[in-house]
Amino acid sequence: MSPTESPANPDRPERKPGLKRRTFLTGAASLAGLAAAKLWLTPQSAEAAKPKSPTVPDDPTKVPGSPPTPYGQRSAFERTVRLVVPSHSLTPLQDLHGVVTPSSLHFERHHNGVPLIDPARHRLLVHGLVERPTVFTVEDLQRFPSVSRLAFIECSGNSGSEWEGQGGASAQEIHGLFSTSEWTGVPLALVLREVGTRPEAAWMLAEGSDAGAMTRSIPLAAALDEALLCYAQNGEPLRPEQGYPLRLLIPGWEGNACIKWLRRLKLGAEPFMTRDETARYTDLMPDGKARQFTLVMEAKSLITSPSGGQRIRPGFVEIRGLAWSGRGRVTSVEVSTDGGRTWQPASLLEPVLPKCTTAFRLPWRWDGRETILQSRCTDETGYVQPTRRALVAVRGVHSGYHYNGIQSWKVGADGRLSNVHL
Amino acid sequence: MPDPRPAPEYGFGRPATEAEIKAWNVEVAPNGEGLPPGRGTVKAGATVFAKKCASCHGATGKEGPMPQLVGGQGTLATDRPVRTVGSYWPYATTLYDYVARAMPYQAPGSLQPDEVYALVAWILFQNGIVTEDTVMDARTLPTVRMPNRHGFVSDPRPDVAK
């Protein structure tokens, strides 16, 4: 396999001149291009995941069922999978229920593969501007008082295919670099108190033990309130794709700051200006300046059902979706069934948690005519999710990251839904 | 006199040894802190690049298929911005850090400091940032002024009103 950083890089569009947008294969918009060209690597991964056709008894009450298995499997009838390319996979948001993403369907993004790590040999080194440079084993970290919380993780390149024009077709293709889990670990603040931070420490370099030695500088004061050193997800140890055996989680911040396979924390007075906070994960504005250290994911929402690629029938339709904000709680979600002319408040399902995904619902009756469905959310800071038009007016179309414009799904007269821009 | 430093509360973990810190403490800061001994010329860099990098980045660093390393200066405010080391990266030290830790893609971390210095010299020369007789080392690299050094601003969000 050839190196895959650019062709499969979901994080930023690198549009090549002269190529039509649906045909080029580099950058974030390639999610759309790849899907259109059916170049997803689903054959291998999806085929492997596909169950064999089960032999179904005519009456399951008349034959003994299967015995238990040591590690459970989903029903042989369930086929939902991630879309996969070499550097990332996408969560099938349109097929999921509730807010928690099954760990095996959580999106992944890595910069040179998923490392194989023996947790017994893994070490975390904490050094730099600390009183006591310390090495922790995973077992050491698990001895600290622990915290579990529900939080979303969103890649800053999520939905980036939409900046330059209509990208993906489905919720998964457009917004699938987004997932929600219950994360368990030790508060970063507790570990840093243990090693004794020096007063001049203002930044923290977090480094992974993957082949890219992925590295980001974290502004310490902002991270200390909520950052966790996580070793578990949804009740069991992290998946390898999620950083096994240890990752950083900073709720509400862009996914790449939540360094996976974490092996080193170095405190310093200044940011370290690594490649991934200069050459990547910076937002290029129309005036040629680029925003740096844009870490918080702003409020966003999405109707997941019905959504692109699905089909509805006239009559009752429950509109279902997800909303979230990196700045705190979602306070309201409004839904439009007429392309943004009128808006109705959706009901929010409990729990409504800060920096976590909130599910919303709105009952609707489809009359069989063409229309456009949209949702927009407001968070507890008063921030309102912007239209695509308003977003592009400020940031242009080359910023690549941090797209949170309102998603519009067109309902055709035949009941089919598709991605449109208004 | 009592030690003013706060004592550990739990006592988990163990002191890191100097050798452990040295082995992993490899990142390079914009002021050059962390750069190892060694040196490389543009000419030597051309050889290393042809052998270990050109198959992914192209013979001149422009062709790809992997990210373009050369060119793009003056394009950032246009309809077709091209972000390369030469047009976009604010610090030359970052190039050393990234190449040393993550390249070549199939054998990350395998380059010797002389090879990395040489590659950095060659890529910067191809971008017109240093001259062909440049010798890159821990002293000269942090003095390189990148064209987009002041092209970055802090995050002003929320920036889009309702």
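**Close-ups of a two-chain predicted model**

**View 1. Arg263(A) and Glu207(A) join up in a salt bridge.** Their closest N and O atoms are 3.0 Å apart; a salt bridge here is a side-chain nitrogen of Lys or Arg within 4 Å of a carboxyl oxygen of Asp or Glu. Arg263(A) sits in strand β13 of chain A and Glu207(A) in strand β8 of chain A, so the pair links parts of the chain 56 residues apart (strands are DSSP runs of E, at least two residues, and helices are runs of H or I, at least four, numbered from the N terminus). Both Arg263(A) and Glu207(A) are buried, where buried means under 20% relative accessible area, exposed over 50% and partly exposed in between (1.4 Å probe, protein chains only).

A quick note on the model: it is predicted, so local features need pLDDT of at least 70 and side-chain atom pairs pLDDT 80 or more, while totals for chains, interfaces and linings use all residues. Residues are numbered from 1 along each chain as its sequence is written, chains are lettered from A and ligands numbered from 1 in the order written, and side-chain values use heavy atoms, leaving out hydrogens and water.

**View 2. Arg263(A) also meets a ring of chain B.** Its charged end sits over the ring of Trp24(B), 4.5 Å from the centre (the rule asks for NZ of Lys or CZ of Arg within 6 Å of the ring centre and within 35 degrees of the ring normal).

**View 3. Glu131(A) and Arg198(A) form another salt bridge, at 3.9 Å from N to O.** Glu131(A) lies in the loop between β4 and β5 of chain A and Arg198(A) in the loop between α5 and β8 of chain A, so the pair ties together parts 67 residues apart in sequence. Arg198(A) has 33% relative accessibility, so it counts as partly exposed.

**View 4. In chain B, Glu20(B) and Arg14(B) meet in a salt bridge of 2.6 Å, N to O.** Glu20(B) is partly exposed at 26% relative accessibility, and Arg14(B) is partly exposed at 35%.

**View 5. Phe136(A), Phe144(A), Tyr10(B) and Phe12(B) make up one aromatic cluster.** Rings of Phe, Tyr and Trp (its six-membered ring) pair if their centres lie within 6.5 Å; planes under 30 degrees apart are stacked, over 60 edge-to-face, and the rest tilted. Over all chains, the count comes to 14 aromatic pairs. One of them is edge-to-face: Trp163(A) with Tyr403(A), 5.1 Å centre to centre and 90 degrees between the planes.
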